[in-house]
Amino acid sequence: MSAKPVSFNLGAWRQLSGALGGNLLRIPAHHLVTHSVVVGMTGSGKSGLVTVLAEEALRTRIPTIAIDVKGDLPNLLLNFPNFELSSYGAWLEASGECMSASEADAAALATERREALATWAIGEAQLQQFSERTHLRVITPGSTAGESLHVLSSLERRSPRWDTDLESARAALSAAVSLVLRLLGRDPDPAKSKEHVLLSVLAERRLLAGENADIPSLMQDLQSPPVDEIGALPVNSFFKRSDRLNLAASLNTLLASPTFTSWRQGAALDVAEWVAPRNGRTPAVVLSVAHLDDEERALVLGVLLEEVLSWVRTLSGSRRLRALLIFDEVYGFLPPHPANPPTKRPLVALMKQARAFGVGVVVATQNPMDLDYRALSNAGLWCIGRLQTDADRERVLDGLSASLPRGESARELDRTVARLANRWFVVRNAHASSGPILLQPRHAMSWLRGPMTRTELRAARVQRAVWQGDEQPLAPESKVEPKPAETTQKEENHVKPAFQHQA
Ligand SMILES: Nc1ncnc2c1ncn2[C@@H]1O[C@H](COP(=O)(O)OP(=O)(O)OP(=O)(O)O)[C@@H](O)[C@H]1O
Ligand SMILES: [Mg+2]
């Protein structure tokens with residue numbers, strides 16, 4: 001028996017001219033198995049739209065992994081199950097948002113949200129249902145603000161993949177070795193770094209033999225190498241003994257450093273476990289790297305995406321959307337040739353291959369010049385928000401032109417995109433026979449208050465854990481200082497014209 005087809009309710013739509021459309025744009029979930037692209041300048045509503053996509057996926061029981069670079073997606077935790085003052089008041093106080101949160105503060109917030117959601121026919125029943133059915137986690141690699149993650153688990157805890165899928169196992173190992181080298185302040189580039197070659201050879205020997213390649217074992221191997229040659233060269237010619245001892249000493253310093261501990265503790269990187277239902281609830285995992293610097297982000301996300309790709313390859317084929325991978329602000333991670341950050345290979349591979357396994361990929365960015373359009377060429381769904389510069393619009397519409405129905409003029413689209421108001425998008429769905437339309441994403445059920453401080457994130461996780469009936473208490477607070485939160489943008493009125501200056 002085939003399952004009932006599910007669809008995402010994304011919001012209200014209009015015709016491209018701005019003429020009335022309808023209040024409910026439903027997109028069948030399986031349209032998202034080909035990848036989706038969301039572009040638009042800052043403040044155009046991309047994070048809002050991807051949050052709505054995540055909520056719709058979860059509402060329709062589709063596990064979701066959301067990669068968060070700017071700190072907005074942990075807001076998914078702020079998905080209060082009701083408008084009761086106690087829910088809001090408790091959070092405001094615990095988060096330190098308001099030292100003496102008065103009833104009035106909580107009431108104002110609850111009322112504001114009740115009214116905004118009511119215009120989209122979302123009331124307490126829907127919020128309650130969402131909360132009951134969803135299991136949300138926020139994972140923060142290299143920090144204990146969210147759940148910590150053993151990012152080096154593909155190196156230090158042997159995966160059974162070494163017996164079944166050597167190619168994936170090697171890719172995951174290479175990404176983990178790059179991360180270790182970056183943490184050591186050495187060259188992490190697998191194509192150039194001799195350290196990378198040496199550590200990979202040593203680690204792979206252990207992993208192939210069924211052992212873990214933990215850091216202390218690798219230090220031992222550096223001191224007395226268990227292999228004679230690396231490639232065609234004797235070990236000592238490839239990498240001098242004194243240099244090897246030096247590398248072993250740096251690894252030791254790393255092991256002893258308290259900040260490194262946060263990279264090696266917590267749950268193993270196990271994507272299959274992340275997407276498995278928890279007590280009947282649909283799981284959402286937000287992987288937030290907002291607290292890391294640019295290079296760390298690329299390396300950590302390289303490791304994570306390699307794992308996601310390996311997991312995808314273990315699935316059987318599916319035409320149904322069975323999981324959604326969202327990447328909010330992909331700037332710098334999927335750049336055009338020749339740039340090649342560690343995220344690019346797995347992302348491009350996911351865009352090519354994941355659809356066959358029913359895994360949809362959504363990428364959002366404010367910088368359309370930086371995207372690899374070859375990888376995006378057959379995206380099924382494009383959501384184009386306001387873009388101010390001619391160059392940005394031209395780039396996007398060029399990338400899109402191949403998928404426009406005949407007779408549709410790029411010039412008309414260009415004019416439309418230039419005039420769009422914030423929180424409106426031109427949507428081109430290659431699976432639909434109709435041409436592009438305008439979408440105003442519905443109000444997110446999650447309270448989009450912007451990046452959270454570590455205290456706020458913790459308060460949100462504690463409250464969520466109570467609602468979810470989680471058994472595990474949260475990990476003890478770490479001393480590592482967070483970056484300060486950015487200010488939240490003011491909520492805009494939900495009843496908005498589609499264009500900035502209506503004729
Ligand atoms: N669907 C939505 N529901 C509720 N609020 C929204 C929605 N979309 C946007 N907003 C509001 O508008 C603000 C700006 O939108 P958003 O953060 O999505 O912009 P963005 O395009 O992601 O910007 P940036 O490129 O700077 O990340 C949000 O902080 C939120 O307050
Ligand atoms: Mg954003």
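How do the axes of helix H2 (residues 85-94) and helix H19 (residues 454-468) cross, and within what distance do they come? In this predicted model, in which local features need pLDDT of at least 70, side-chain atom pairs count only at pLDDT 80 or more, and totals for chains, interfaces and linings use all residues, the two axes come within 8 Å and cross at roughly 145°. Residues are numbered from 1 along each chain as its sequence is written, while chains are lettered from A and ligands numbered from 1 in the order in which they are written.

Helices here (H or I, at least four residues) and strands (E, at least two) are DSSP runs, numbered from the N terminus. Their axes are lines fitted to C-alpha atoms, for helices over the stretch in contact, and angles run from 0 to 180 degrees between N-to-C directions. The crossing of H2 and H19 is right-handed; a crossing is left-handed if the near helix is turned anticlockwise from the far one by less than a right angle, and right-handed if clockwise. On the H2 side, Ala90, Trp91 and Ala94 meet Ala459, Ala460, Val462 and Gln463 of H19, where contact calls for C-beta atoms, placed from the backbone, that lie within 7 Å. This contact has six nonpolar residues, one polar residue and no charged ones. In this grouping, Ala, Val, Leu, Ile, Met, Phe, Trp, Tyr, Cys and Pro count as nonpolar, Asp, Glu, Lys and Arg as charged, and the others, Gly among them, as polar.

Turning to the overall layout, the chain is assigned a domain 1 (7-83 + 111-148 + 268-468) and a domain 2 (153-261), with bounds from an automatic or database domain assignment. The C-alpha centres of the two domains lie 35 Å apart. Each domain brings 14 residues to the contact. On the side of domain 1 that touches domain 2, helix H14 (residues 294-313) gives the most, with 11 residues. That side has seven nonpolar, two polar and five charged residues.

H14 also packs against helix H15 (residues 344-353), at an angle of about 25° and with the axes 9 Å apart. The two helices are therefore roughly parallel, a term for angles under 35 degrees. H14 passes H15 in a left-handed crossing. Their contact joins Gly302, Leu305, Glu306, Val308, Leu309 and Val312 of H14 to Pro346, Leu347, Ala349, Leu350 and Gln353 of H15, and it divides into eight nonpolar, two polar and one charged residue.

The loop between strand S11 (323-328) and H15 holds Pro338, and Glu329 is found in the loop between S11 and H15 as well. Most residues other than glycine have a negative phi, and most peptide bonds are trans. Glu329, although not a glycine, has a positive phi of about 70°, and the peptide bond from His337 to Pro338 is cis, with omega near 5°.

A further helix pair is formed by helix H8 (residues 194-208) and helix H9 (residues 215-223), whose axes come within 10 Å and cross at roughly 115°. The crossing of H8 past H9 is right-handed. Here Leu199, Leu202, Ala203 and Arg206 of H8 meet Ser217, Leu218 and Asp221 of H9.

Finally, ligand 1 has 21 residues around it, of which Thr42, Lys46, Ser47, Gly48 and Ala444 come nearest; a residue counts as near if its C-beta atom, placed from the backbone, lies within 6 Å. Helix H1 (residues 46-59) supplies the largest share of this shell, four residues. By class, the shell has four nonpolar, 11 polar and six charged residues.

Definitions and conventions
Two residues are in contact if their C-beta atoms, placed from the backbone, lie within 7 Å. Angles under 35 degrees count as roughly parallel, over 145 as roughly antiparallel, 65 to 115 as roughly perpendicular and the rest as oblique.
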